[in-house]
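Please look at the structure first.

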Amino acid sequence: MNKRLLGGIICGICSLQMSAQERKDTMFIANGNPVIQHKYTADPAAMVYHDTVYLYTGHDEAKPPREGYVMHEWLCFSTTDMIHWTEHPSPMNSKDFAWAKDDAWASQVIERNGKFYWYVAVEHGTIHGKAIGVGVSDKPTGPFKDARGSALITNDMTKATNISWDDIDPTVIIDDDGQAYLIWGNTKCYYAKLKENMTELDGPIQTIDLPTYTEAPWIHKRNGWYYLSYATQFPEKIAYAMSRSINGPWQYKGILNEIAGNSNTNHQAIIDFKGRSYFIYHNGGINTNGGSFRRSVCIDYLFYNKDGTMKRVVMTTEGVQPKK
């Protein structure tokens with residue numbers, strides 16, 4: 001091989017390695033909705049930790065005009081006031097799971113005992129269908145690695161429906177007594193207890209009966225009420241149910257969020273932060289040049305009624321104000 005050519009290849013490889021190693025946080029200011037406008041983001045999940053909101057999203061990478069979800073990595077952003085944001089280097093990729101084929105779909109991160117556990121939906125490499133994996137890190141911004149070396153949930157473990165994509169959209173909660181629960185599913189809503197190590201199931205997989213359930217469950221607790229919100233029908237709206245026990249019975253309370261413009265899917269995260277409640281979702285608010293496959297994360301306020309029910313979310317282009 002020509003020495004000059006070989007030298008160029010080596011320099012190119014070194015440059016790529018350096019650029020990967022030197023990737024740094026970048027700052028930006030949200031200007032209304034969508035919050036993130038320099039790349040397409042979808043399927044938001046959020047966690048409040050040490051007075052900081054950490055926002056985890058999927059990354060819609062399909063180039064216009066392709067119609068289809070192309071998603072290989074997850075993204076991480078953080079803020080202390082909901083306006084000034086830091087984008088961190090991608091903390092995890094579908095390739096970080098050696099047993100996975102691809103598809104960095106919806107996810108959620110939770111902290112326990114100083115470690116951060118990231119539950120993700122991917123396509124399994126050898127077992128037909130979608131699967132749920134678990135990443136772990138010592139920092140909320142990662143990097144994360146496979147916590148198990150195998151999937152936590154595979155399609156052959158769930159029999160309530162015969163589709164191959166029912167094991168998606170994990171949401172997780174640690175209850176006041178320390179018991180952790182994982183909830184997930186498409187067309188059927190599954191749930192199971194997790195062991196304290198957060199990487200193993202601690203009992204049988206059960207189902208939750210919810211009216212016109214499609215996907216995207218999100219579980220949160222407030223003032224003694226458990227709230228289970230989820231995408232309903234298609235194109236998707238967000239509905240929700242309430243219960244005094246995570247094991248039910250669940251009382252259906254109706255629509256929480258209408259169809260998000262130019263997006264067939266609807267996927268939400270709900271948090272309380274510095275005395276305000278926030279509803280985080282995605283829409284097609286940036287010119288997508290090809291439909292619903294290039295989505296963008298938005299944030300609006302969420303309000304509760306005196307009886308604990310949630311008021312319907314008002315989606316805005318203005319978004320939220322800085323929170324000190």
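Over which ring does the charged end of R222 sit? It sits over the ring of Y304, 3.8 Å from its centre. This model is predicted. The charged end of K130 is placed over a ring too, that of W105, at 4.2 Å from the centre.

**Ring pairs**

Searching the whole structure gives 15 aromatic pairs. Two of them are tabulated here.

| Pair | Centre to centre | Angle between planes | Class |
|---|---|---|---|
| F279 and Y281 | 5.6 Å | 35° | tilted |
| Y301 and F303 | 6.3 Å | 50° | tilted |

Y301 has a relative accessible area of 19%; buried means under 20%, so Y301 is buried. F303 is partly exposed, with a relative accessible area of 42%.

Ring pairs also build a cluster. Its members are Y56, W74, F97, W99, W118 and F144.

**N266**

N266 sits in a loop, between β18 (251-257) and β19 (269-273). N266 is buried, at 1% relative accessible area. Its side chain makes a polar contact with the side chain of N257 (3.5 Å). The N266 side chain also reaches the backbone oxygen of E258, at 3.1 Å. Residues that N266 touches include A216, A231, I238, H282 and Y281.

Notes:
Residues numbered from 1 in each chain as written. Predicted model: local features only at pLDDT ≥ 70, side-chain atom pairs only at ≥ 80, totals over all residues. Heavy atoms only, no water. Phe/Tyr/Trp six-rings, centres within 6.5 Å; stacked < 30°, edge-to-face > 60°. Buried < 20%, exposed > 50% of the residue type's maximum accessible area, 1.4 Å probe, protein only. Lys NZ or Arg CZ within 6 Å of the ring centre and 35° of its normal. Helix = DSSP H or I, 4+ residues; strand = E, 2+ residues; numbered from the N terminus. Polar contact = N/O pair within 3.5 Å; in protein donor to acceptor, adjacent residues only side chain to side chain. Contact = heavy atoms within 4.5 Å. Lists of a residue's contacts leave out its neighbours within four places in sequence.
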